[in-house]
Amino acid sequence: MEQTTPKGASFLKVTGILMIIGGGISLIVAIVALLGIAALAALGASSGMLYAAGALTLISAVAELVAGIIGVVNAKRAEKAGLCMAWGIIVAVLCVAGCILTVVGGSAFPWFSLILGLVLPVLFIIGAAKNKQG
C-alpha cells in the first residue's frame, strides 16, 4: 500500500520550522530578561509583575519550541494532526495570556503584538487541520 503525504504536510513543516526559530530566539530573550529582572530585584526594584511576565515569556518560548518540533517531526503523519493542533492552540492561548498580563501590568492592550503573536500559531493550526483532512 502506498503512503500518501497529507495535504498540509509542507505547510505544517514550514510553520513548524519558523516556530522552532522563533521559540529559540524567544527562549534566549526570556533567559536574558529573567536575569535582568533578577538584577533589578537585587537593586530593590518591585519585581513581582516582572517575574510573572518573565515566567510567562519563558513558558511561551518553550511551548513554541516544542510545538515547532512536534510539527516538523509529525508533518507527514496525518494521525498526529490533533496533537499538532493542540500545541498550536497552546501557543496561541499563551500569546493571548501575555497580552492580558500586559493590561494587568497597567499598559494599553497590545493589539499589534496580539495580531503578530497569533499569525504563526494560527498558520500552524491551519497546517495541522489540512493534515487531518488527509
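The request concerns helix α4 (residues 111-133) and its contacts with α1 and α3.

Analyst: This is a predicted model, in which local features need pLDDT of at least 70 and side-chain atom pairs count only at pLDDT 80 or more, while totals for chains, interfaces and linings use all residues. Residues are numbered from 1 along each chain as its sequence is written, and side-chain values use heavy atoms, with hydrogens and water left out.

Helices here are DSSP runs (H or I, at least four residues), numbered from the N terminus. The axes of α1 (residues 9-42) and α4 come within 8 Å and cross at roughly 150°; axes are lines fitted to C-alpha atoms over the stretch in contact, with angles from 0 to 180 degrees between N-to-C directions. The two helices are therefore roughly antiparallel, a term for angles over 145 degrees. Contact means heavy atoms within 4.5 Å. On the α1 side the contact includes Leu12, Thr15, Gly16 and Met19, and on the α4 side Leu120, Leu123, Phe124 and Asn131 are among the residues involved. By class, this contact has 10 nonpolar, four polar and no charged residues; Ala, Val, Leu, Ile, Met, Phe, Trp, Tyr, Cys and Pro count as nonpolar, Asp, Glu, Lys and Arg as charged, and the others, Gly among them, as polar.

Helix α3 packs against α4 at an angle of about 170°, with the axes 8 Å apart. That makes α3 roughly antiparallel to α4. Among the α3 residues in this contact are Cys84, Gly88 and Val91, and α4 contributes residues including Leu118, Phe124, Ala128 and Lys132. The contact of α3 with α4 divides into 16 nonpolar, four polar and one charged.

Phe124 also belongs to the largest nonpolar core, of 13 residues, where Leu12, Met19, Ala67, Cys84, Val91 and Phe124 touch the most other members. Such a core is a set of buried Ala, Val, Leu, Ile, Met, Phe, Trp, Tyr and Cys residues joined through side-chain atoms within 4.5 Å. The elements giving two or more residues to this core are α1, α2 (48-73), α3 (81-104) and α4. Leaving aside neighbours within four places in sequence, Met19 is in contact with Glu64, Leu65, Ala67, Gly68, Val91, Leu120 and Phe124.

Two further residues complete the account. Asn74 touches Leu12, Lys80, Leu83, Cys84 and Asn131, not counting residues up to four places away in sequence.

Note on methods. Angles under 35 degrees count as roughly parallel, over 145 as roughly antiparallel, 65 to 115 as roughly perpendicular and the rest as oblique. Buried means under 20% relative accessible area, exposed over 50%, partly exposed in between (1.4 Å probe, protein chains only).
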